[in-house]
Amino acid sequence: MAPLVHVDEALLATLQDIFAGTGLMSDQRKVRAVITLRGQVDVAWQQTRDAFLEIGRALNEVDAVLDEAEQESLKRGFRKLFPFSETVASQFRVIARAVDAGHITKEVLPGSYGTAYQMALLNSEQRRLAAKEGLIRPTVSRNALIEFRKLHDGVVPRTARGPDPAKMRAELGRLERSEVKLTRALDSVRKRIREIRELLALKDED
């Protein structure tokens, strides 16, 4: 195992767990083959992720310069221009918007666009809950995200839940204090109006 000491210890521990009960870990050639395979898959997986993210960005850029009628025409004839459907393109767009808006980072984006799309559909509160459950990660499965979304379908962002009671009470206090000040000012104005009218009435009598 000496030539493999540079390999991440966590990876070696994972391999030992997976191949427990077999003789694989004692065969350096086989261990190296599995580690090499993992590296190749990681690179290809990352390239796949980068590809659909860039496609989504390109689609969003084009949509920004086309008018509504032109966008509809492009969607109807999409298959004539591109090797994937408009449905898939729509998912690419959603993923790119979520990443570019900072809702999710490229680093946690799964390599499967179907899985990445499910992650991109989460609202801010759902993402917070999903992160606590360890679901915002590149290796999360599509089914796991779909099940999570079903369970938290009614969860809305805090900003969309309606007024915050604490903030409302604080605002009410400010408004009530303002009302007192304005009432006193209005009373003063009304008093002065009466005084002026009385003085003018006396003047007219003279």
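In the predicted model, a single aromatic cluster is formed by Phe52, Phe78, Phe82, Phe84, Phe92 and Tyr113. The count of aromatic pairs in the structure comes to seven. One of these is the pair of Phe78 and Phe82, whose rings lie 4.5 Å apart from centre to centre, with 35° between their planes, and which is accordingly described as tilted.

Helix α8 spans residues 142-151 and contributes the buried residues Leu145, Ile146 and Phe148. When the helix is viewed down its axis, the buried residues of α8 fall within an arc of 160°, and they therefore line one face of the helix. In general, an α-helix has 3.6 residues a turn, so that residues three or four places apart point the same way.

As to the confidence of the prediction, the mean pLDDT of the protein chain is 86, and 90% of its residues reach 70 or more. Over residues 1-5, however, the pLDDT is below 50, and in the model this stretch has nine contacts beyond near neighbours in sequence.

Notes: Residues numbered from 1 in each chain as written. Predicted model: local features only at pLDDT ≥ 70, side-chain atom pairs only at ≥ 80, totals over all residues. Heavy atoms only, no water. Phe/Tyr/Trp six-rings, centres within 6.5 Å; stacked < 30°, edge-to-face > 60°. Buried < 20%, exposed > 50% of the residue type's maximum accessible area, 1.4 Å probe, protein only. Helix = DSSP H or I, 4+ residues; strand = E, 2+ residues; numbered from the N terminus. Arc of directions from axis to C-beta. pLDDT = per-residue confidence, 0-100. Contact = heavy atoms within 4.5 Å.
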